Amino acid sequence: MSALHEELAAVLADMPNEQRVKVAGRDFWVGHWQGHAVVAVLSRIGKVAAATTATVMLERFGVGALVFTGVAGGLGPQVRVGDVVVANGLVQHDMDASPLFPRHEVPLYGRAVFDSDAHLSGALATAAQQVLQVPERHLGSATLAQFHLHAPQVHRGLLVSGDRFVSTTAESEALRSALPTALAVEMEGAAVAQVCLDYGVPFAAVRTISDRADDTAHTDFNRFIAQVASRYSHAILSQWLAQRPAPGVRLT
Ligand code: ADE
């Protein structure tokens, strides 16, 4: 699942015989990539759109695992534009049913943090490390220079999601103070993690940092997505699938 058109287009270019199936107004692309059965879809933006899309993926297509890719705003002090964050856990930062429930806790789930699948996330983090070790292979040195990307890093930790594009320093500081361990903020992941928990299906989220979620959030958002984020996502997913055991091979 992707929040970005450009990312989906890059993936579909590698799935030449995919079939389009329309459900709930969305196009689900069913095919193969690197020898694996894959369904690719645009989630649209925000928690409800992502939750609806995830539910169709699970109910209608019976996917065995769900991976979300996209961009995020960096919150952790060490998380820079061009880095990649692989979620260990996800929180809905705009969930607040206090005083009935503790802030951020999703009522009747008894939790604020929805864990990603450790094995899936580990494999994606390994693929991301491999891609970022030689970023010029995927982006070209002109793009690296243009966006001032230097020695990009992979981080693992907490992603927070909410129905807001965070673009002021005041708001990102408020998020940092409410959720001090948060590495990055986006608009879908924690909702999809909740749906995947409901269905008992492994989930992982991989996000390229496009901005610092502050007043300086760069204005070249669309160019960054086209030239950096969608290329990273494509390379990371492709590398991960190439290394994933073929269907029918059991891990012991
Ligand atoms: N996705 C990318 N940057 C973001 C931001 N600053 N806030 C929310 N979602 C984002």
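The largest pocket has a lining of 27 residues. Nearest its centre lie Ala37, Val38, Val39, Ala65 and Trp240. This is a predicted model: local features need pLDDT of at least 70, side-chain atom pairs count only at pLDDT 80 or more, and totals for chains, interfaces and linings use all residues. Numbering runs from 1 along each chain as its sequence is written, and side-chain values use heavy atoms, without hydrogens and water.

The space in the largest pocket is about 580 Å³. A pocket is an open set of points on a 1 Å grid over the protein atoms alone, where a 1.4 Å probe fits, with protein on both sides within 12 Å along at least five of seven lines; lining residues have an atom within 4 Å of a point. The volume is the space filled by probe spheres set on the points.

Strand 3 gives the most to this lining, six residues. Each element below supplies at least two. Helices (H or I, at least four residues) and strands (E, at least two) are DSSP runs.

| Element | Residues |
|---|---|
| Helix 1 | 5-12 |
| Strand 3 | 36-41 |
| Strand 4 | 66-74 |
| Helix 8 | 221-243 |

By class, the lining has 19 nonpolar, six polar and two charged residues.

Helix 1 and helix 8 also pack together, at about 45° with axes 9 Å apart. In helix 1, Glu6, Glu7, Ala10 and Val11 make the contact (heavy atoms within 4.5 Å); their partners in helix 8 include Ile225, Ser233 and Leu237. That contact has six nonpolar, three polar and two charged residues.

Conventions
Nonpolar A, V, L, I, M, F, W, Y, C, P; charged D, E, K, R; others polar. Axes fitted to C-alpha atoms, helices over the stretch in contact; angles between N-to-C directions.
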